[in-house]
Amino acid sequence: PNYSFTHEATSAPEVSYYDYIIVGGGTAGCPLAATLSQNYTVLLLERGGSPYGNPNITDLAAFGAALSDLSPKSPSQRFISEDGVINARARVLGGGSCINAGFYSRAATDYVSKAGWDGQLVNESYRWVENKVAFLPPVRQWQSAVRDGLLEAGVVPNNGFTYDHINGTKVGGTIFDRDGHRHTAADLLEYANPSGITVLLHASVHKILFRIKGKSRPLAHGVTFRDALGMKHRAYLKIGSKNEIIVSSGALASPQLLMLSGVGPSQHLKAHNITVVLDQPLVGQGMSDNSMNAIFVPSPVPVEVSLIQVVGITSFGSYIEASSGANFAGTAPPSPGRDFGMFSPKIGQLSTLPPKQRTPEAIAKAVEAMSALDDAAFRGGFILEKIMGPLSTGHLQLQNRNPNDNPSVTFNYFKEPEDLQRCVNGIKVIETIIESKSFSQFRYDSLSLPALLNMTASFPVNLLPKHNNASTSLEQFCKDTVMTIWHYHGGCQVGRVVDHDYKVLGVDALRVIDGSTFNYSPGTNPQATVMMLGRYMGVRILSERLANDKPK
């Protein structure tokens with residue numbers, strides 16, 4: 001789409017006024033801005049650029065290229081948690097939906113009811129999203145074999161194709177269309193009222209401004225942001241008691257921005273010379289990342305290129321998903337088609353070493369080892385398990401006062417024993433799938449496998465762990481091979497930092513609406529629910545205002 005309302009922040013006036021200012025044009029911010037623009041003036045501030053015209057974002061075949069691009073202009077910004085797991089965050093209009101593996105699946109109905117959401121409006125909001133960005137994936141031989149293997153492994157019933165979250169095995173949706181082109185949250189801006197919205201790109205918000213004098217509580221009334229040339233701009237709310245600033249910057253940047261603006265743990269803020277507006281010790285708490293562990297299954301026959309399509313929703317809290325490809329979408333050097341896609345050391349997914357050993361040198365070594373492998377070594381696919389929840393939590397802190405720098409984050413993977421047990425049980429299901437009759441054509445028999453791969457210690461991805469009946473070895477395998485599936489959340493949780501209307505506790509005219517508010521990750525993959533939430537809260541805010549504005 002060629003949006004008339006999208007501009008570089010360098011073209012913005014020094015001072016401007018709007019009914020709503022939304023910080024973060026990501027998976028939640030885009031649908032929220034599009035919705036509010038129907039009746040009010042909206043400014044959407046995005047620190048990254050446009051996703052359109054960038055094949056690394058648009059093409060299924062280029063998946064991973066954005067994640068391995070570490071340049072300042074990349075739509076992805078790498079960060080490494082204090083746990084040592086290498087991770088990524090989005091820096092582009094459309095947010096994480098521009099750089100993810102595309103799987104689209106709704107949250108469970110009990111998740112919706114526990115969140116206190118209105119089920120009917122939730123379903124309407126999901127449909128509003130799906131009309132623009134969700135598609136049925138073409139399920140070919142390898143993914144079908146995984147599906148049938150899951151059924152053989154007892155992950156039943158077969159629920160066919162559905163967006164719904166129900167126990168058993170299913171095919172979910174995807175944001176890649178039939179031509180392999182990605183549709184992102186930025187496409188939801190097609191719903192916007194062009195005369196009601198302004199989107200500024202490369203607009204980095206440094207601070208939320210509060211009025212404190214003469215107020216019983218701090219009142220958010222504006223933001224300062226810098227453009228690509230470093231020039232400072234201010235945007236203020238128009239006069240009107242219902243006008244608001246809404247932070248939709250994601251699980252890292254939303255708590256970070258609150259802290260930079262003086263809302264957070266007072267001792268921590270003072271240590272960074274930040275004036276305390278509100279002592280709120282729970283900002284940055286409850287950070288979680290759903291651990292992922294994956295096993296590569298080399299195939300004697302070619303397999304299709306596929307990202308996540310089939311999912312097994314087990315009864316014990318582990319989700320089984322899979323991704324395949326002869327070329328693993330590797331378009332980066334050393335040569336096209338020699339990479340491991342969403343499990344590649346190039347994007348930081350170095351799972352053959354324990355987290356604390358995943359240094360830049362180790363990554364370089366793994367990439368080099370990968371380039372020396374025989375082409376046949378790349379034929380095959382990964383079967384992964386991801387745990388629900390998780391129960392383990394950590395925290396986020398500022399490293400400095402620059403909003404473009406990563407904060408420091410700790411997720412404490414597997415701190416809770418139940419998370420570890422879910423991983424172990426998930427790996428056992430993966431073993432059963434690999435050994436199933438349905439999957440037999442896509443695996444080598446046990447004798448020819450080591451010969452084929454000349455199994456050196458430098459093979460850059462994990463194979464099925466060697467058989468040792470002690471379950472402790474699987475527990476160690478889970479800990480040593482943990483990766484991210486990029487579903488981290490928390491930091492501004494409902495009931496701790498925001499109320500059930502997503503209003504920041506203790507201040508006025510400020511909300512946070514994004515994945516930082518989640519206690520647990522929704523569904524098997526969260527993007528559907530994050531987009532839904534943007535639309536859902538937009539509709540709720542509009543209807544509340546309309547009800548209040550009606551003459552009594």
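Cys478 is buried, because its relative accessibility is 0%, where buried means under 20% relative accessible area, exposed over 50% and partly exposed in between (1.4 Å probe, protein chains only). The model is predicted, so that local features need pLDDT of at least 70 and side-chain atom pairs count only at pLDDT 80 or more, while totals for chains, interfaces and linings use all residues. Residues are numbered from 1 along each chain as its sequence is written, and side-chain values use heavy atoms, with hydrogens and water left out.

A search of the whole structure identified one disulfide, defined as a pair of cysteine sulfur atoms within 2.5 Å. The bond joins Cys423 to Cys478, with an S to S distance of 2.1 Å. Its two residues lie in distant parts of the chain, 55 residues apart, with Cys423 in helix α10 (residues 417–434) and Cys478 in helix α12 (residues 471–480). Helices (H or I, at least four residues) and strands (E, at least two) are DSSP runs, numbered from the N terminus. Cys423 is likewise buried, because its relative accessibility is 0%. The torsion about the S-S bond of Cys423 and Cys478 is about -95°, so the disulfide is left-handed.

An open sheet is formed by three strands in the order β18-β23-β24, with antiparallel pairing; two strands pair if DSSP finds at least two bridges between them. Two bridges join β18 to the antiparallel strand β23 (residues 394–397), where His395 is the bridge partner of Gln285.
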